[in-house]
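Thanks for making the time this morning. I would like to walk you through one structure, taking a pair of helices to begin with and then some charged side chains.

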2 protein chains.
Amino acid sequence: MSATILLVDDHSVVREGYRSVLEKQPGLRVIAEAGDGAEAYRLFKSEAPDLVIMDLSMPGIGGIEAVRRIRQWDKAAKILVFTMHENAGFAVQAIRAGARGYVTKTSPPETLVRAVMDVLAGKIAISPDIDHELALSRLAGESSAADVLTPREFEVLRLLLAENTTEEIAETLHVSPKTVANLHSLIKDKLGVGSDIELVRLALRQGILTDADLGEA
Amino acid sequence: MSATILLVDDHSVVREGYRSVLEKQPGLRVIAEAGDGAEAYRLFKSEAPDLVIMDLSMPGIGGIEAVRRIRQWDKAAKILVFTMHENAGFAVQAIRAGARGYVTKTSPPETLVRAVMDVLAGKIAISPDIDHELALSRLAGESSAADVLTPREFEVLRLLLAENTTEEIAETLHVSPKTVANLHSLIKDKLGVGSDIELVRLALRQGILTDADLGEA
DNA sequence: ACCAAAGCCGGGAAAATTTCACGACGTTGC
DNA sequence: GCAACGTCGTGAAATTTTCCCGGCTTTGGT
């Protein structure tokens with residue numbers, strides 16, 4: 001009896017690639033495909049696959065959020081994130097959201113297959129490059145924003161990256177613009193960056209701001 | 001006699017996908033694969049394929065640069081860019097660099113096949129979503145940085161996005177910090193953004209700063 | 001050759017922002 | 001109770017951003 005798999009990726013040609021690699025393996029069967037997070041959630045509920053292979057950057061609700069929802073629906077769901085992002089920050093977020101594995105698309109097919117088997121066997125699978133990244137970021141001691149910032153500070157950071165002016169943020173947060181400016185300054189201090197530009201770059205590296213967010217502005 | 005194709009993408013599983021879709025078409029034959037720009041250039045010279053299908057975001061020299069080099073070697077080279085980036089900015093850059101087509105990975109396989117045929121027939125192929133984006137950005141009148149900025153201003157912008165302080169830039173450019181500050185201000189004005197954060201976001205949208213640049217800092 | 005337009009470089013001063021020091025208040029945990 | 005911490009805000013100094021200016025060189029048209 002073979003394991004059933006749900007593929008989630010917004011690039012149809014890429015799904016074709018997964019399929020071709022996975023179906024060469026005996027004991028694996030792709031039973032459904034989804035092109036975005038919402039569809040993935042629906043299909044998971046109706047098809048109850050043994051494993052979900054999920055991309056992160058997708059239109060609508062992203063992969064992280066999809067992972068969260070699926071895990072909420074089924075605490076035992078096995079989800080393997082397979083994405084182009086080689087950022088340790090994304091991996092941390094994905095695992096915290098409930099993923100059981102994280103493999104980058106640059107990995108050779110064997111690594112993906114291996115990870116699929118590991119996750120099906122109940123193990124946690126992380127591809128070697130991310131292992132290495134995580135180790136490095138540990139050594140470098142780069143402050144991982146989500147950790148070092150207080151909830152309020154993190155909120156302000158998110159708004160700074162998304163919204164525009166200090167005033168607007170003060171408005172939506174119902175505090176004085178002065179406070180926002182103070183927080184803004186404190187955040188840059190805590191994160192060890194000197195300019196707003198560095199701030200945005202750090203946020204991108206850590207996956208606080210994703211490429212997908214860029215369209216709206 | 002079938003047309004020969006060189007596939008370039010750093011994700012091996014994705015190449016698998018191209019292959020599977022393309023080889024269903026009679027008259028197409030994938031004769032080589034490359035995982036980065038440099039390898040693509042080498043293989044183009046040795047294999048002389050009829051068509052190159054190229055991803056943009058790759059380690060080492062990126063896709064745009066690879067396009068430029070290949071076209072320099074062979075003015076008649078037919079290159080079709082196939083990428084995840086749905087930014088009109090990237091498309092503009094790619095076409096200017098000498099690509100004959102631009103298709104996003106979200107497009108259905110038929111669109112890719114169609115574009116391949118069109119480019120082989122000597123036409124320029126742009127996928128519908130990018131057509132639409134281009135139209136929109138025209139209507140919105142968003143200043144396309146590369147156009148509205150003078151060479152010097154563009155240089156400063158690049159340094160602002162990459163380096164750090166005003167002083168450092170003044171240093172490497174051999175001008176006074178004051179000038180850099182003035183240009184910085186002028187750039188934001190010309191581009192119609194209010195804050196540095198908006199500036200970075202616009203740069204990302206237009207492909208001036210790519211995700212790949214983020215690792216170095 | 002001349003002029004106009006545009007790019008490049010920076011000074012100076014006003015305006016805005018960032019930063020720092022400080023205090024108040026509520027919560028949490030020992 | 002009290003120390004530690006997060007949150008919010010003020011005020012004043014330091015810095016940056018912005019605006020306005022003039023001089024300089026290059027380019028292109030007449």
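This is a predicted model: local features need pLDDT of at least 70, side-chain atom pairs count only at pLDDT 80 or more; totals for chains, interfaces and linings use all residues.

Let me begin in chain A, with helix H2, residues 37–47, and helix H3, residues 63–73, whose axes come within 9 Å and cross at roughly 20 degrees. Angles under 35 degrees count as roughly parallel, and H2(A) and H3(A) are therefore roughly parallel to each other, with a crossing that is right-handed. On the H2(A) side the contact is made by Gly37(A), Ala40(A), Tyr41(A), Phe44(A) and Lys45(A), which meet Ala66(A), Arg69(A), Ile70(A) and Trp73(A) of H3(A).

Turning to the salt bridges, how many does a search of the whole structure find? Over all chains there are 24. One of them joins the side chains of Lys105(A) and Asp9(A), at 3.0 Å from N to O. Lys105(A) sits in the loop between strand E5 and helix H5, while Asp9(A) sits in the loop between strand E1 and helix H1, so that the pair links distant parts of the chain, 96 residues apart. Both Lys105(A) and Asp9(A) are buried.

In chain B, Glu33(B) and Arg15(B) form a salt bridge at 2.6 Å, N to O. Because Glu33(B) lies in strand E2 and Arg15(B) in helix H1, the pair ties together parts that are 18 residues apart in sequence. Glu33(B) is partly exposed, at 24% relative accessible area, whereas Arg15(B), at 14%, counts as buried.

Conventions. Residues are numbered from 1 along each chain as its sequence is written. Chains are lettered from A and ligands numbered from 1 in the order in which they are written. Side-chain values use heavy atoms; hydrogens and water are left out. Axes are lines fitted to C-alpha atoms, for helices over the stretch in contact, and angles run from 0 to 180 degrees between N-to-C directions. Helices (H or I, at least four residues) and strands (E, at least two) are DSSP runs, numbered from the N terminus. Angles under 35 degrees count as roughly parallel, over 145 as roughly antiparallel, 65 to 115 as roughly perpendicular and the rest as oblique. A crossing is left-handed if the near helix is turned anticlockwise from the far one by less than a right angle, and right-handed if clockwise. Contact means heavy atoms within 4.5 Å. A salt bridge is a side-chain nitrogen of Lys or Arg within 4 Å of a carboxyl oxygen of Asp or Glu. Buried means under 20% relative accessible area, exposed over 50%, partly exposed in between (1.4 Å probe, protein chains only).
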